[in-house]
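This report sets out selected structural features of one protein chain. The sequence and the model are shown below.

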Amino acid sequence: MTSTTTAPTVTLRGGAHIPQLGFGVFQVPDGETAQAVSLALDAGYRSIDTAAAYGNEKGVGASIASSGLPRDEVFVTSKLWVDDMARDAVRPALERSLDRLGLDRLDLYLIHWPAPGLGRHVEAWEELVALRDAGLVREIGVSNFEPEHLDAIIAATGVVPAVNQVELHPAFQQRALREHHRELGIVTEAWSPLGQGTVLGDPVLAAVAAAHGVTPAQVVLRWHLQAGTVAIPKSVTPERIAANLDVLGFELSADQVAAIDGLDRTDGRIGPEPDAFTG
C-alpha cells in the first residue's frame, strides 16, 4: 500500500474546502487534547472537529497555536450546544468558543443537535446565518438533523446548510438522509465513522482488509471516502492516528463496496435519537 497523508477535499457551499478526513476530539479530556491534536497535525491532518460541549476547545486552540502552521491551513469546526440555541445566546456562545480556541473566525460552525422539543432550531439557524454574514464563520451547518429539521430551517431562511454531521458507519448508513442531502447539495459528514469500534470485528471487513493488506478501520474509512462522505475518526494512539489518515493508497472494488453496504442494520444506531434529544 502506498502511503500518503494528503487527504482529498470537498468543496462546501460557500467555497471553503474541507478535508475529507478530519480529526475528531469527542470525549478527549482537555488536558490530553493538545497532545492528541499535535499528533494529528504532525501526521498530516488539516481539519479538527471540536464542540463547546466537549470541553476541550482550549486544548485544540493551544495545539493549533503551537503548530506553526498558517491559520488558513487548518480547517476548524466547532458546534453550538442546545443550551445556547435561544436567539440572544447564539453569538455570545460563538464568541466564547472563539476565545477558547484563540481564533477570530471559525471555518465551520454547526448546530450540535436540532432538539426539536425545545422549538429553537429555526431561530438558532437564523442566528448562524447572521454570524456567517458578519464574517465570524466561513461556513455554517448542522449536526444530527433529520430531513424534517433540515426542511424547516431552509423554509424559514432560504439558506441551505453546508454540512450535516450525523452518525454514520457500516452498521448505520442513513441512506434516506444521505439522499436528502444529495438533493439539497448538503455535504454528509460522519461522526463515529468507525461505529466506535463496534463494526470492526465483522468478517466482511476482515476479508476486505486482508485483500488489501490494511486494517478493518482503514477499510471503513476508505468506504466513507469513496462514498463522498467527510469522516472525523477519533483516536489518541499515535499509530492509529497515522493509520486512519493512510487510506489513499488503495481502492475498494465495486463488489467490496457492495459487501460493506450490506452491513447496514435497522438497529445499528449507537447515539441518541435526534427527535428525542434535548441535551
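## Valine 142 and its strand

Valine 142 touches Leu110, Ile111, Trp125, Leu150, Ile153, Pro161, Val163, Asn164 and Gln165, when residues up to four places away in sequence are not counted; contact means heavy atoms within 4.5 Å. This residue is placed in strand β7, where helices (H or I, at least four residues) and strands (E, at least two) are DSSP runs numbered from the N terminus. Valine 142 is buried, its relative accessible area being 0%; buried means under 20% relative accessible area, exposed over 50% and partly exposed in between, with a 1.4 Å probe and protein chains only. The C-alpha atoms of valine 142 and asparagine 244 are separated by 25 Å, and the two residues lie 102 apart along the chain.

The model is predicted: local features need pLDDT of at least 70, side-chain atom pairs count only at pLDDT 80 or more, and totals for chains, interfaces and linings use all residues. Residues are numbered from 1 along each chain as its sequence is written, and side-chain values use heavy atoms, with hydrogens and water left out.

## The parallel sheet

Strand β7 belongs to an open sheet of eight strands, in the order β3-β4-β5-β6-β7-β8-β9-β10, with parallel pairing. Two strands pair if DSSP finds at least two bridges between them. The edge strands, each of which pairs on one side only, are β3 (23-24) and β10 (230-231).

On one side, β7 runs parallel to β6 and is joined to β6 by five bridges; leucine 106 has valine 137 of β7 as its bridge partner. Strand β7 (residues 137-143) also pairs with β8 (residues 163-167) in the parallel sense, over two bridges. Asparagine 164 in β8 is the bridge partner of valine 142. Helix α4 (residues 121-133) packs on the sheet, touching β5 (75-80), β6 (106-111) and β7, and its direction makes about 165° with that of β7. Axes are lines fitted to C-alpha atoms, for helices over the stretch in contact, and angles run from 0 to 180 degrees between N-to-C directions. β7 is mostly covered, as six of its seven residues are buried.

Threonine 77 lies in strand β5 and counts as buried at 1% relative accessibility. Leaving aside neighbours within four places in sequence, threonine 77 is in contact with Ile48, Asp49, Thr50, Leu108 and Leu110.

In helix α2 (residues 57-67), the buried residues are Glu57, Gly59, Val60, Gly61, Ser63 and Ile64. Their cover includes α1 (30-43), β4 (47-49), β5 and α3 (90-101). Glycine 68 follows α2 and has a positive phi, near 80°.

Helix α8 is mostly covered, with nine of its eleven residues buried. Among them are Val219, Leu221, Trp223 and His224. The elements covering the buried residues of α8 include β9 (187-191), α7 (203-212), β10, α9 and α10. Glycine 228, which follows α8, has a positive phi near 85°.

## Aromatic pairs

Four aromatic pairs are present in the structure. Rings of Phe, Tyr and Trp (its six-membered ring) pair if their centres lie within 6.5 Å; planes under 30 degrees apart count as stacked, over 60 as edge-to-face and the rest as tilted. Tryptophan 81 and phenylalanine 277 form an edge-to-face pair, 6.0 Å centre to centre and with 75° between the planes. This pair links distant parts of the chain, 196 residues apart: tryptophan 81 is in the loop between β5 and α3, and phenylalanine 277 is in the segment after α10 (254-261). Phenylalanine 277 is buried, with a relative accessible area of 16%. Trp81, Trp113 and Phe277 form one aromatic cluster.

The largest pocket holds about 770 Å³ of space. On a 1 Å grid over the protein atoms alone, a pocket is an open set of points with protein on both sides within 12 Å along at least five of seven lines, and lining residues have an atom within 4 Å of a point. Of the 37 lining residues, Phe26, Ser192, Pro193, Gln196 and Lys234 are the closest to the centre of the largest pocket. α8 (216-226) and α9 (238-245) each supply at least two residues of this lining, and α9 gives the most, with three residues.

Note on methods: 1 Å grid on protein atoms, 1.4 Å probe; cavity = no way out; pocket = protein on both sides within 12 Å on 5 of 7 lines; lining within 4 Å. Points joined across faces, edges and corners; volume = space filled by probe spheres on them.
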